[in-house]
Amino acid sequence: MTQSSSIDSPEKAILPSPPEVSPQATLAVVVELMNNYRACEISENGKQELPGNDWQHLLHNPGCILVTDDGKLQGILTERDVVRLTMNETNLEETLVSTVMNAPVFSLMREDVTDLVVVYNLMRRHRVRHLPIIDAAQQVQGLVTVSSLRRTLNTSYFLRFRLVREV
């Protein structure tokens, strides 16, 4: 199997316009933004319908908030970070994002997103689930997530990868 038959265009894995906040925003703003992205719909029969594994769900639920100042990437907060902070009873109304964000952020230049297998392996090596894509001026161009990679990479890649690792 050739690489082109198992892997789609790298651009397909980049989620455009990820949610952003300034470093001066409070955690309460972040939680509100994340809750808006997490919203699920109630069907006509009254049952809760959770978003499926479709591309639109990924576009509207990246699982993180990027922290930017004048469009330049400064940090990142993931849902896991927010849960941890909430469990530690951090005051969401008073805590500034800049004091709890993860920085520096492992990111990738847009022109370096040419091979999704390489991107996937970089994310695994650096143990990140959210990879901001930036330009030369550090301006956010998009976001690659583990979920967007899974949607883009052919399933056979993951099966083949696992078998090689097991051997």
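Strands β5 and β6 form a hairpin with two residues between them, and Asp70 in the turn has a positive phi of about 55 degrees. The structure is a predicted model, in which local features need pLDDT of at least 70 and side-chain atom pairs count only at pLDDT 80 or more, while totals for chains, interfaces and linings use all residues. Residues are numbered from 1 along each chain as its sequence is written, and side-chain values use heavy atoms, with hydrogens and water left out. Helices (H or I, at least four residues) and strands (E, at least two) are DSSP runs, numbered from the N terminus. Two strands are taken as paired if DSSP finds at least two bridges between them.

Strand β5 (residues 64-69) is joined to β6 by six bridges, and the two run antiparallel. Between β2 and β5 there are two bridges, and these strands run parallel. Leu66 stands opposite Ile76 in β6, and Glu20 stands opposite Leu66 in β5. Five of the six residues of β5 are buried, where buried means under 20% relative accessible area, exposed over 50%, and partly exposed in between (1.4 Å probe, protein chains only).

Thr68 lies in strand β5 and is buried, with a relative accessible area of 9%. The bridge partner of Thr68 in β6 is Leu73. The side chain of Thr68 also makes a polar contact with the side chain of Glu20, at 2.9 Å. A polar contact is a pair of N or O atoms within 3.5 Å; within protein, one must be able to donate a hydrogen and the other to accept it, and residues adjacent in sequence count only if both atoms are side-chain atoms. Apart from neighbours within four places in sequence, Thr68 is in contact (heavy atoms within 4.5 Å) with Glu20, Val21, Ser22, Pro23, Leu73, Gln74 and Val140.

A further open sheet contains four strands in the order β1-β9-β8-β7, again with mixed pairing. The edge strands are β1 (14-15) and β7 (108-109), each of which pairs on one side only. Two bridges join β1 to β9 (residues 140-145) in an antiparallel arrangement, and Ile14 has Val144 as its bridge partner in β9. Strands β8 and β9 also run antiparallel, joined by five bridges, with Leu131 opposite Val144 in β9. The hairpin of β8 and β9 has five residues between the strands, and Gln138 there takes a positive phi near 65 degrees. By contrast, β7 and β8 run parallel and are joined by two bridges; Met109 stands opposite Ile134 in β8.

Five of the five residues of β8 are buried, so this strand is largely enclosed by the rest of the structure. In a regular strand the side chains alternate between the two faces of the sheet. In β8, His130, Pro132 and Ile134 point one way and Leu131 and Ile133 the other way.

Helix α6 (residues 116-126) has the buried residues Leu116, Val117, Val119, Tyr120, Leu122 and Met123. The N-terminal end of α6 is capped by Asp115, with a side-chain oxygen 2.9 Å from the backbone nitrogen of Val117. Just after α6, Arg127 takes a positive phi of about 55 degrees. Val128 is found in the loop between α6 and β8 and, at 21% relative accessibility, counts as partly exposed. Val128 and Phe106 are 22 residues apart in sequence, with a C-alpha to C-alpha distance of 8.0 Å.

A nonpolar core is a set of buried Ala, Val, Leu, Ile, Met, Phe, Trp, Tyr and Cys residues joined through side-chain atoms within 4.5 Å. The largest such core has 16 residues, of which Val119, Val144 and Leu149 touch the most other members. At least two residues of this core come from each of α6, β8 (130-134) and α7 (146-152), and the largest share, six residues, comes from α6. Not counting residues up to four places away in sequence, Val119 touches Leu108, Val113, Leu131, Val144 and Leu149. A second, separate core of 14 residues includes Val21, Ala25, Val31 and Ile65.
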